[in-house]
Amino acid sequence: MFFTLGQTLPTHRLGHSPLGGLFQPTMIEAVRLMSRQPFTTPHSSPTHAPPVDRSLSSPDLTDPFSSPNHTYTYTTNGTDTFPAPSAYDSRRYSWIHVFPEGRVHQHPQKMMRYFKWGVARLILEPDVCPDIVPMWIEGNEQIMHESRSFPRFVPRVNKRCGIWFGDNVGGNGSTTVFAELRRKWRELVEEDERKSGGGFAMGVLSDGLKYGKEAVELREECTRQVRGAVLAVRRKRGLPDEDPKAGLVETWRLEGGDGKREGKMEDGSWVKEA
């Protein structure tokens with residue numbers, strides 16, 4: 001109910017579940033939301049699209065008048081069921097709001113954590129390059145700081161909150177850095193299809209496209225460019241440049257010490273799993 005009414009895609013957190021990560025079913029749904037049907041190609045192998053269970057015990061709901069593998073719901077763990085908004089043509093090329101730090105992070109100098117690689121999938125894999133509008137949000141830490149005392153559930157009043165928007169750095173322009181990254185990704189996909197003798201449905205990746213060295217490097221670079229675009233908005237807001245090491249995964253592995261994941265960290269920041 002929360003995910004459906006809030007128009008939020010259900011996500012498993014890798015720190016809490018082996019079902020998490022950037023290849024979980026919700027990422028497939030997100031990539032499809034930023035594309036348009038059909039999500040399979042004439043060269044897609046049937047083995048890449050598991051058959052739909054139409055029994056009464058199945059958690060999935062299907063349209064009997066659609067193709068055999070077309071469903072209006074999807075599952076994130078094999079037993080739950082969520083509506084699949086990408087099944088409706090009216091949802092093609094949807095807006096998706098992403099918070100790529102992946103958790104609450106309240107830093108005294110307003111520094112950002114590294115960005116998760118899932119944001120790169122949303123740029124590299126859709127059938128067209130999406131518009132990418134970087135945003136800087138500030139003030140939530142005053143309204144609901146993680147160190148707040150009772151009553152924690154009550155937002156603090158008379159606080160200032162602001163949102164700054166950057167220019168669109170994506171879209172179908174051929175001169176953007178993301179257009180070049182997408183071109184390289186397309187070459188990887190075509191090479192993978194030649195080797196395997198068939199393609200995959202939209203959002204579904206082979207092991208080579210998941211874990212191959214070139215694929216990983218493309219996702220890393222794409223994520224770095226997205227973070228740079230947000231930093232440009234942060235700079236426009238008037239904040240000083242942050243330490244270049246702040247964008248590295250290695251920097252934040254030690255922020256809490258002794259594997260601490262939440263609470264007040266050694267650098268003075270407050271972190272909370274979202």
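The largest nonpolar core of this predicted model contains 24 residues. Leu124, Phe178, Trp185 and Cys222 touch the most other members. Two or more residues come from each of H3, helix H5 (177-196) and H7. H7 gives the largest share, 7 residues. Beyond four places in sequence, Leu124 touches Leu181, Arg182, Trp185, Leu218, Arg219 and Cys222. Apart from this core lies another, of 7 residues, with Met27, Ala30, Met34 and Phe39 among them. In soluble globular proteins, nonpolar side chains tend to be buried together.

Cys222 counts as buried because its relative accessibility is 0%, under the 20% cut-off. The structure holds 0 disulfides. Cys222 is accordingly in no disulfide, and the nearest cysteine sulfur, that of Cys129, is 8.2 Å away. Cys161 has 45% relative accessibility and therefore counts as partly exposed.

Helix H2 spans residues 25-33. Its buried residues are Thr26, Met27, Glu29, Ala30, Val31 and Leu33. Their cover includes strand S1 (73-74) and helix H3 (118-124). Met27 and Ala30 are also members of the 7-residue core.

The protein has 8 helices and 7 strands. Three of the strands form an open sheet in the order S3-S7-S6, with antiparallel pairing. Strand S3 (103-106) and strand S6 (263-264) are the edge strands, each pairing on one side only. S3 is joined to strand S7 (residues 270-273) by 4 bridges, and the two run antiparallel. Within this pairing, Gln106 stands opposite Trp270 of S7.

The loop between S6 and S7 holds Gly268. Its relative accessible area is 25%, so Gly268 is partly exposed. Gly268 and Gln109 are 159 residues apart in sequence, yet their C-alpha atoms are 9.2 Å apart in space.

A further antiparallel pairing joins strand S4 (residues 135-138) to strand S5 (residues 162-165) over 4 bridges. Ile137 has Ile163 of S5 as its bridge partner. S4 has two faces: Trp136 and Glu138 lie on the covered one, Met135 and Ile137 on the uncovered one. In a regular strand the side chains alternate between the two faces of the sheet.

Phe150 and Pro151 are joined by a cis peptide bond, with omega about 0°. Pro151 is in the loop between helix H4 (140-143) and S5. Tyr93 is not a glycine, but has a positive phi of about 55°. This residue is in the loop between strand S2 (82-83) and S3. Tyr93 counts as partly exposed because its relative accessibility is 37%. Lys110 is another residue other than glycine with a positive phi, near 60°. Lys110 is found in the loop between S3 and H3. With a relative accessible area of 25%, Lys110 is therefore partly exposed.

Across the protein, 37% of the 274 residues count as buried. The accessible surface comes to about 16500 Å², and carbon and sulfur atoms account for 57% of that area. Among contacts between residues at least 6 apart in sequence, 64% join residues at least 24 apart.

The mean pLDDT is 83, and 83% of the residues reach 70 or more. Among the elements, helix H7 (residues 213-236) has the highest mean pLDDT, 96. Helix H1 (residues 2-5) has the lowest, 57. Over residues 42-50, pLDDT stays under 50, and the model has 11 contacts beyond four places in sequence for this stretch. Residues 64-68 also stay under 50, with 4 such contacts. Where pLDDT is low, the predicted coordinates should not be read in detail.

Methods: Residues numbered from 1 in each chain as written. Predicted model: local features only at pLDDT ≥ 70, side-chain atom pairs only at ≥ 80, totals over all residues. Heavy atoms only, no water. Buried < 20%, exposed > 50% of the residue type's maximum accessible area, 1.4 Å probe, protein only. Contact = heavy atoms within 4.5 Å. Pairing = 2+ DSSP bridges. Disulfide = S-S within 2.5 Å. pLDDT = per-residue confidence, 0-100. Areas by Shrake-Rupley, 256 points an atom, 1.4 Å probe, with all protein chains shown as cover. Core = buried A, V, L, I, M, F, W, Y, C linked by side-chain atoms within 4.5 Å.
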